[in-house]
There are 2 protein chains.
Amino acid sequence: MARVMNFGGGPGALPRCVLEQVAAELPDFASTGMSILEHSHRGTAFERVFEETRALIRELLALPDTHEVLLLQGGASMQFAMVPLNFLARGAVGAYVVGGAWGEKAFEEGGRVAAILGASTQVLATSKANADYVEPVYTYDAPLGNTAYVHLTSNETIHGIEYDKPEGVPLPLPSDSNVPVVCDMSSNFLARPQDLSRISLAYAGAQKNIGPSGLVVVVAQKQFIDAAATRAPNALSYAVQAKSGSMYNTPPTLAVEITRRVLLWLREQGGVAGIGAVNHRKARTLYRAIDESKGFYRCPVATAARSEMNAVFRLPTPALEQLFLSDAAREQMVGLAGHRSVGGIRVSMYNAVSELWVSELTRFMDAFAARHG
Amino acid sequence: MARVMNFGGGPGALPRCVLEQVAAELPDFASTGMSILEHSHRGTAFERVFEETRALIRELLALPDTHEVLLLQGGASMQFAMVPLNFLARGAVGAYVVGGAWGEKAFEEGGRVAAILGASTQVLATSKANADYVEPVYTYDAPLGNTAYVHLTSNETIHGIEYDKPEGVPLPLPSDSNVPVVCDMSSNFLARPQDLSRISLAYAGAQKNIGPSGLVVVVAQKQFIDAAATRAPNALSYAVQAKSGSMYNTPPTLAVEITRRVLLWLREQGGVAGIGAVNHRKARTLYRAIDESKGFYRCPVATAARSEMNAVFRLPTPALEQLFLSDAAREQMVGLAGHRSVGGIRVSMYNAVSELWVSELTRFMDAFAARHG
């Protein structure tokens, strides 16, 4: 079938050329006579793939040697548990900034883990979110003295809120520069140049911008993870994983190889600067279609916090939203339904979503509004 | 390049036809216009894949409704932590039968987790393993009264010891039938008919017999996981994962699809009965070559405990072992080096390793012994 335009929230679109390269080499990887799936994770062929993948992440982020790159499993949800397991000593506090559904999930899981460890969690700030309007300005409490980390979420895929985009709301960092910052960057990692200098540990599930589900990238200051409370089980210890080169357990080999290919593609796009410019144009095009629709499409997020990754909006009625989705599907545009917890429409514009697709979509949006407005 | 014969310990060989099917459908899954990698894990296309995979495991194991099938991440190593996290209430004991390196790892990780939870672990039995001879008979202590589970390892890939094979040493089950049994079946899961009726929870990393790394299958009595201590973080809670259909976190979608294809292939081989007969013949052929070599090849494992999955043996000198490996590689036979912790030779004969490959290998072994014996 002809390729559809996939605006799904993740797992999301991947570059067509990468899919074709991976398919072509799947039965016989690099003329080794076997699939990358069949290579030992300890063998030369895969070790080269693994190291190149980590090196590409370093290169694309211009990461200094003070930082470690880990490739782990379990996605962001596993990180929600792993962060407190590693850093919450007895009596310590994990502080959370809750800007949407994912920040909320991180906080809840943090609380479960804290209870096991004799530690606790605190909500430091929340955004004011209701059905009609999402306000990015926080009431920000001072973190407690025994705060082990402040946890942020750089992009809220469900609520369509993003921090630190060009001319946008900055990341809500704590004013006390001694408090370590942990950041869930799952849905905007490597989508533009990003300054990680104030972040002690960032993590990102690969399935949004850089690869398949089943792989999570962790970028952390070596000093931070070496000083961890180390009460975590080995498989869930950043320090143990760092020491064993992310191979305490067998890595998801094919997922790593696919990610390597996506990162090579990303380099060809001009790296994060190149893709960032494209992503910025895509978002401008999409939000313009919303703002110029004379209120037919309504985005509930304040302009400065609107996500360049996930644009969420509503139509005048739920019936029109259903019609929008089915008409779009007939024009080969899929993955546009809002998250089941909030409804409405969501347009995810991850790295592999082309400018052409976004133009096609806005043309469709204009025509749909003209027909039903 | 021509396909090599891959006897690697895992990730191991996969059926050629499966690799070709997956490659052919990688850019466009089931004529949906996108890759299985790009489908949402909540969408119809992937949900069908997911449910068929779980149904195939049920069918192949003839599993009753009392059991749950979970598809998780992190491999057996993550299970080493997840089992005690779920089942060790404060003061409880996790008891371990240690028959080799993997049982030892499970015990060590269990101890780390127990310390966090205010619980403890106990070694219930060990096999007598030394460089020259591995004895499968145990000194088996009675489990303590507050034992939450006994943990077994059904096949030790590094030491080449297997339980419960035809006419072999039975699984070292505790005599007290009230004590729940947890079993790491990573390296012989679905390799022959297996009776799980006495096992409360079994787990298996997919990368040996049934799929790629990055996926672990858990088969558990519903009653057992529902009664768990529930102090585990959500992502690591069997009950939470069961309730959310193994989708508390995004599953490794491509790994699941590849596993589905391998399971369909397994069904075509006559299911576990069919593949079990093949695996039995492969092992007989291989061990015969060892035993008829007049001592040139020496397997340190007692006959009744010799693994049908991983045959380990030594040659008269380390130099001859190196020569064996390089000569074999020249004949396109790879993955034969013993685990780096023990050295020697290891022949892994997982489901996708054909009888023809094993015959070729034994022909090579006979010729090598004749040249150097």
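1. Pro11(B) sits in the loop between strand S1 (5-6) and helix H1 (16-25) of chain B. Elements here are DSSP runs numbered from the N terminus, with helices being H or I of at least four residues and strands E of at least two. The peptide bond that joins Gly10(B) and Pro11(B) is cis, and its omega is about -5°. In chain A, Gly10(A) to Pro11(A) is cis too, with omega near -5°, and Pro11(A) falls in the loop between strand S1 (5-6) and helix H1 (16-25) of chain A.

2. A word on the ground rules: this is a predicted model, so local features need pLDDT of at least 70 and side-chain atom pairs count only at pLDDT 80 or more, while totals for chains, interfaces and linings use all residues. Residues are numbered from 1 along each chain as its sequence is written, chains are lettered from A and ligands numbered from 1 in the order in which they are written, and side-chain values use heavy atoms, leaving out hydrogens and water.

3. One more backbone spot to look at is Ala62(A), which is not a glycine but has a positive phi of about 50°. Ala62(A) belongs to the loop between helix H2 (44-61) and strand S2 (67-72) of chain A. For context, most residues other than glycine have a negative phi, and most peptide bonds are trans.

4. On to helix packing in chain B. The axes of H2(B) (residues 44-61) and H7(B) come within 9 Å and cross at roughly 40° (axes are lines fitted to C-alpha atoms, for helices over the stretch in contact, and angles run from 0 to 180 degrees between N-to-C directions). H2(B) and H7(B) are therefore oblique to each other; angles under 35 degrees count as roughly parallel, over 145 as roughly antiparallel, 65 to 115 as roughly perpendicular and the rest as oblique. Their crossing is left-handed, meaning that the near helix is turned anticlockwise from the far one by less than a right angle, with clockwise being right-handed.

5. The contact of H2(B) with H7(B) comes to ten nonpolar, three polar and five charged residues. Here Ala, Val, Leu, Ile, Met, Phe, Trp, Tyr, Cys and Pro count as nonpolar, Asp, Glu, Lys and Arg as charged, and the others, Gly among them, as polar.

6. H3(B) (residues 75-87) and H4(B) (residues 101-117) pack at about 40°, with axes 8 Å apart, and are therefore oblique to each other. This crossing is right-handed. Phe80(B) and Leu85(B) are among the H3(B) residues involved, and H4(B) brings residues including Trp102(B) and Val113(B). By class, the contact of H3(B) with H4(B) has eight nonpolar, two polar and two charged residues.

7. In chain A, the axes of H8(A) (residues 271-291) and H10(A) (residues 355-372) come within 10 Å and cross at roughly 0°. That makes H8(A) roughly parallel to H10(A). The contact includes Arg281(A) and Leu286(A) of H8(A) and Leu361(A) and Asp366(A) of H10(A). Its residues split into seven nonpolar, two polar and four charged.

8. Last, the voids. The whole structure has seven cavities of 30 Å³ or more, and the largest cavity holds about 100 Å³ of space. On a 1 Å grid over the protein atoms alone, a cavity is a set of points where a 1.4 Å probe fits but cannot get out, and lining residues have an atom within 4 Å of a point. Grid points are joined across faces, edges and corners, and a volume is the space filled by probe spheres set on the points.

9. Which residues lie nearest the centre of the largest cavity? They are Ser213(A), Ala255(A), Ser213(B), Leu254(B) and Ala255(B), out of 15 lining residues. Helix H7 (253-268) of chain A and helix H7 (253-268) of chain B each supply at least two residues of the lining, and H7(B) gives the largest share, four residues. The lining has ten nonpolar, five polar and no charged residues.

Note on methods: On a 1 Å grid over the protein atoms alone, a cavity is a set of points where a 1.4 Å probe fits but cannot get out, and a pocket is an open set with protein on both sides within 12 Å along at least five of seven lines; lining residues have an atom within 4 Å of a point. Contact means heavy atoms within 4.5 Å.
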